[in-house]
Amino acid sequence: MRKLGLIGGISWTSTARYYDLINRSVQRELGGLHSATLLIDSLDFADVARCASANDWDCGAGHMVGAAKRLQAAGAEALMICANSLHKVIPQIEASVDLPVIHIIDEIGARLKADKVKSVALVGTSNVMSDREYRQHLVQEGGVSLLPAEADLAEGIDKLVYTELAAGIITREAERYMKTELTNIAKEDVQAVVLACTELDLIVDVNANVLPIYDSTTIHAEAGARFVLSK
(Lines give C-alpha, C1' and ligand atoms only; values in the text may rest on other atoms or scores of the structure.)
Protein backbone atom coordinates (compact mmCIF):
# COMPACT_ATOMS: atom_id res chain seq x y z
CA MET A 1 0.00 0.00 0.00
CA ARG A 2 0.98 3.62 -0.53
CA LYS A 3 1.10 6.15 2.30
CA LEU A 4 -1.46 8.95 2.20
CA GLY A 5 -1.16 12.13 4.24
CA LEU A 6 -4.34 13.74 5.58
CA ILE A 7 -4.46 17.39 6.60
CA GLY A 8 -7.16 17.20 9.23
CA GLY A 9 -8.61 18.82 12.29
CA ILE A 10 -10.73 21.06 10.04
CA SER A 11 -12.80 19.86 11.83
CA TRP A 12 -11.82 16.81 13.90
CA THR A 13 -15.33 15.38 13.43
CA SER A 14 -15.00 15.26 9.65
CA THR A 15 -11.42 14.00 9.89
CA ALA A 16 -12.63 11.09 12.02
CA ARG A 17 -15.16 10.37 9.28
CA TYR A 18 -12.41 10.35 6.63
CA TYR A 19 -10.32 7.98 8.73
CA ASP A 20 -13.27 5.63 9.15
CA LEU A 21 -14.31 5.67 5.49
CA ILE A 22 -10.79 5.17 4.09
CA ASN A 23 -10.04 2.31 6.44
CA ARG A 24 -13.35 0.60 5.73
CA SER A 25 -12.74 0.84 1.98
CA VAL A 26 -9.27 -0.69 2.32
CA GLN A 27 -10.54 -3.44 4.61
CA ARG A 28 -13.35 -4.32 2.19
CA GLU A 29 -10.86 -4.55 -0.67
CA LEU A 30 -8.11 -6.52 1.08
CA GLY A 31 -10.04 -8.33 3.81
CA GLY A 32 -8.61 -9.80 6.97
CA LEU A 33 -7.04 -7.31 9.36
CA HIS A 34 -5.85 -4.88 6.69
CA SER A 35 -6.14 -1.15 7.30
CA ALA A 36 -5.01 1.95 5.44
CA THR A 37 -1.47 3.33 5.65
CA LEU A 38 -2.18 6.91 6.69
CA LEU A 39 -0.43 9.90 8.19
CA ILE A 40 -2.58 12.62 9.80
CA ASP A 41 -1.53 16.14 10.66
CA SER A 42 -4.45 17.38 12.77
CA LEU A 43 -4.64 21.15 13.09
CA ASP A 44 -6.36 23.25 15.75
CA PHE A 45 -9.60 24.17 14.00
CA ALA A 46 -10.03 27.32 16.11
CA ASP A 47 -6.92 28.78 14.46
CA VAL A 48 -7.95 27.80 10.93
CA ALA A 49 -11.57 28.88 11.39
CA ARG A 50 -10.45 32.38 12.34
CA CYS A 51 -8.61 32.64 9.02
CA ALA A 52 -11.59 31.36 7.03
CA SER A 53 -14.11 33.57 8.85
CA ALA A 54 -12.00 36.63 8.04
CA ASN A 55 -11.46 35.46 4.42
CA ASP A 56 -7.74 35.64 5.20
CA TRP A 57 -6.58 32.90 2.87
CA ASP A 58 -2.91 33.76 3.31
CA CYS A 59 -3.39 32.89 6.97
CA GLY A 60 -5.19 29.68 6.00
CA ALA A 61 -2.45 28.80 3.53
CA GLY A 62 0.16 29.15 6.25
CA HIS A 63 -1.50 26.47 8.35
CA MET A 64 -2.02 24.19 5.32
CA VAL A 65 1.52 24.55 4.00
CA GLY A 66 2.98 23.82 7.41
CA ALA A 67 0.93 20.63 7.66
CA ALA A 68 1.84 19.60 4.11
CA LYS A 69 5.55 20.00 4.80
CA ARG A 70 5.32 17.93 7.98
CA LEU A 71 3.48 15.16 6.15
CA GLN A 72 6.01 15.12 3.30
CA ALA A 73 8.85 14.90 5.82
CA ALA A 74 7.09 11.99 7.51
CA GLY A 75 6.91 10.01 4.27
CA ALA A 76 3.51 10.80 2.72
CA GLU A 77 3.30 10.05 -1.00
CA ALA A 78 0.20 12.18 -1.63
CA LEU A 79 -1.96 14.63 0.31
CA MET A 80 -5.64 15.16 1.01
CA ILE A 81 -7.24 18.16 2.73
CA CYS A 82 -10.15 16.92 4.86
CA ALA A 83 -12.30 19.98 4.13
CA ASN A 84 -13.87 21.79 1.18
CA SER A 85 -13.11 25.48 1.61
CA LEU A 86 -9.37 25.03 2.26
CA HIS A 87 -8.89 23.62 -1.24
CA LYS A 88 -8.70 27.30 -2.16
CA VAL A 89 -5.05 27.27 -1.04
CA ILE A 90 -3.91 24.22 -3.01
CA PRO A 91 -1.71 26.36 -5.32
CA GLN A 92 0.30 27.47 -2.28
CA ILE A 93 0.60 23.88 -1.08
CA GLU A 94 1.71 22.60 -4.47
CA ALA A 95 4.34 25.35 -4.64
CA SER A 96 5.72 24.29 -1.26
CA VAL A 97 5.89 20.49 -1.41
CA ASP A 98 6.69 17.91 -4.06
CA LEU A 99 3.54 15.82 -3.59
CA PRO A 100 0.29 15.40 -5.53
CA VAL A 101 -2.87 16.67 -3.85
CA ILE A 102 -6.08 14.68 -4.34
CA HIS A 103 -8.52 17.49 -5.08
CA ILE A 104 -12.04 17.21 -3.68
CA ILE A 105 -13.66 19.19 -6.52
CA ASP A 106 -11.97 17.04 -9.18
CA GLU A 107 -13.36 13.92 -7.53
CA ILE A 108 -16.88 15.31 -7.17
CA GLY A 109 -16.84 16.56 -10.75
CA ALA A 110 -15.67 13.20 -12.09
CA ARG A 111 -18.50 11.43 -10.27
CA LEU A 112 -21.13 13.85 -11.59
CA LYS A 113 -19.80 13.52 -15.12
CA ALA A 114 -19.75 9.72 -14.91
CA ASP A 115 -23.38 9.75 -13.78
CA LYS A 116 -24.32 12.24 -16.53
CA VAL A 117 -25.72 14.72 -14.03
CA LYS A 118 -26.17 18.12 -15.64
CA SER A 119 -27.67 20.38 -12.96
CA VAL A 120 -26.92 20.43 -9.24
CA ALA A 121 -27.44 22.45 -6.09
CA LEU A 122 -24.22 23.17 -4.22
CA VAL A 123 -24.84 23.02 -0.46
CA GLY A 124 -22.23 24.00 2.10
CA THR A 125 -20.90 26.81 4.25
CA SER A 126 -20.96 30.38 2.98
CA ASN A 127 -17.29 30.39 2.00
CA VAL A 128 -17.98 27.47 -0.34
CA MET A 129 -21.47 28.23 -1.66
CA SER A 130 -20.53 31.79 -2.61
CA ASP A 131 -16.94 31.13 -3.70
CA ARG A 132 -16.59 31.86 -7.40
CA GLU A 133 -13.47 29.74 -7.81
CA TYR A 134 -15.04 26.69 -6.19
CA ARG A 135 -18.20 27.03 -8.28
CA GLN A 136 -16.33 27.56 -11.56
CA HIS A 137 -14.04 24.61 -10.86
CA LEU A 138 -17.01 22.33 -10.21
CA VAL A 139 -18.79 23.55 -13.34
CA GLN A 140 -15.67 22.87 -15.40
CA GLU A 141 -14.84 19.46 -13.93
CA GLY A 142 -18.40 18.18 -13.69
CA GLY A 143 -19.84 19.73 -16.83
CA VAL A 144 -22.80 20.92 -14.76
CA SER A 145 -24.85 24.02 -14.13
CA LEU A 146 -25.37 25.20 -10.55
CA LEU A 147 -28.36 26.72 -8.83
CA PRO A 148 -27.64 30.24 -7.54
CA ALA A 149 -26.23 30.26 -4.02
CA GLU A 150 -28.89 30.64 -1.33
CA ALA A 151 -27.56 33.05 1.28
CA ASP A 152 -30.03 32.05 4.01
CA LEU A 153 -29.15 28.38 3.63
CA ALA A 154 -25.42 29.12 3.74
CA GLU A 155 -25.90 31.17 6.89
CA GLY A 156 -27.88 28.35 8.49
CA ILE A 157 -25.18 25.81 7.64
CA ASP A 158 -22.47 28.13 8.98
CA LYS A 159 -24.30 28.21 12.30
CA LEU A 160 -24.68 24.42 12.38
CA VAL A 161 -21.05 23.73 11.51
CA TYR A 162 -19.34 26.30 13.70
CA THR A 163 -21.54 25.95 16.78
CA GLU A 164 -22.45 22.25 16.68
CA LEU A 165 -21.00 19.83 14.14
CA ALA A 166 -17.35 20.91 14.44
CA ALA A 167 -17.69 20.35 18.18
CA GLY A 168 -19.20 16.89 17.77
CA ILE A 169 -22.74 18.01 18.65
CA ILE A 170 -25.45 16.31 16.58
CA THR A 171 -29.10 17.17 17.22
CA ARG A 172 -32.47 16.13 15.85
CA GLU A 173 -33.17 19.82 15.17
CA ALA A 174 -30.15 20.00 12.86
CA GLU A 175 -31.22 16.82 11.06
CA ARG A 176 -34.74 18.20 10.58
CA TYR A 177 -33.38 21.52 9.35
CA MET A 178 -31.29 19.86 6.63
CA LYS A 179 -34.13 17.50 5.68
CA THR A 180 -36.44 20.49 5.17
CA GLU A 181 -33.88 22.43 3.15
CA LEU A 182 -33.09 19.46 0.90
CA THR A 183 -36.82 18.85 0.37
CA ASN A 184 -37.21 22.47 -0.72
CA ILE A 185 -34.26 22.16 -3.11
CA ALA A 186 -35.92 19.12 -4.67
CA LYS A 187 -38.73 21.42 -5.86
CA GLU A 188 -36.23 23.32 -8.01
CA ASP A 189 -35.22 22.41 -11.57
CA VAL A 190 -32.19 20.40 -10.48
CA GLN A 191 -31.07 16.77 -10.74
CA ALA A 192 -28.92 16.33 -7.63
CA VAL A 193 -27.37 17.94 -4.56
CA VAL A 194 -23.67 18.18 -3.77
CA LEU A 195 -22.96 18.25 -0.02
CA ALA A 196 -19.87 20.45 -0.18
CA CYS A 197 -19.23 20.48 3.55
CA THR A 198 -17.42 17.55 5.12
CA GLU A 199 -19.47 17.72 8.33
CA LEU A 200 -22.92 17.58 6.73
CA ASP A 201 -23.06 13.82 6.27
CA LEU A 202 -23.18 13.63 10.07
CA ILE A 203 -26.76 14.93 9.92
CA VAL A 204 -27.88 14.04 6.38
CA ASP A 205 -28.95 10.55 5.40
CA VAL A 206 -27.70 10.59 1.82
CA ASN A 207 -29.89 7.61 0.91
CA ALA A 208 -33.15 9.05 2.26
CA ASN A 209 -33.80 12.10 0.11
CA VAL A 210 -35.91 12.84 -2.94
CA LEU A 211 -32.87 13.94 -4.96
CA PRO A 212 -29.61 12.02 -5.31
CA ILE A 213 -27.04 13.31 -2.81
CA TYR A 214 -23.35 13.50 -3.76
CA ASP A 215 -21.52 13.64 -0.45
CA SER A 216 -18.11 15.27 -0.79
CA THR A 217 -16.72 13.46 2.25
CA THR A 218 -17.56 9.99 0.96
CA ILE A 219 -16.46 10.72 -2.61
CA HIS A 220 -13.15 12.24 -1.47
CA ALA A 221 -12.44 9.46 1.03
CA GLU A 222 -13.06 6.84 -1.65
CA ALA A 223 -10.46 8.57 -3.82
CA GLY A 224 -8.05 8.46 -0.90
CA ALA A 225 -8.61 4.73 -0.48
CA ARG A 226 -7.96 4.17 -4.18
CA PHE A 227 -4.63 5.96 -3.85
CA VAL A 228 -3.62 3.88 -0.83
CA LEU A 229 -4.44 0.72 -2.77
CA SER A 230 -2.76 1.81 -5.99
CA LYS A 231 0.56 0.36 -7.12
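Me: Which strands form the open sheet, and in what order?
Reply: Two strands pair if DSSP finds at least two bridges between them; strands (E, at least two residues) and helices (H or I, at least four) are DSSP runs, numbered from the N terminus. This is a predicted model, in which local features need pLDDT of at least 70, side-chain atom pairs count only at pLDDT 80 or more, and totals for chains, interfaces and linings use all residues. Residues are numbered from 1 along each chain as its sequence is written, and side-chain values use heavy atoms, leaving out hydrogens and water. Here the order is E2-E1-E3, with parallel pairing. Strands E2 (38-42) and E3 (78-81) are the edges, each pairing on one side only.

Me: Over how many bridges do E1 and E3 pair?
Reply: Strand E1 (residues 4-8) pairs with E3 over four bridges. Ile-7 has Ile-81 in E3 as its bridge partner.

Me: How is the packing of H8 and H9 described?
Reply: Two packed helices are described by the angle between their axes and the distance between the axes. Axes are lines fitted to C-alpha atoms, for helices over the stretch in contact, and angles run from 0 to 180 degrees between N-to-C directions. Helix H8 (residues 151-163) and helix H9 (residues 172-185) pack at about 160°, with axes 12 Å apart. The two are therefore roughly antiparallel (an angle over 145 degrees).

Me: Which residues of H8 and H9 meet?
Reply: Contact means heavy atoms within 4.5 Å. Among those meeting are Leu-153 and Ile-157 in H8, and Tyr-177 and Met-178 in H9.

Methods:
Angles under 35 degrees count as roughly parallel, over 145 as roughly antiparallel, 65 to 115 as roughly perpendicular and the rest as oblique.
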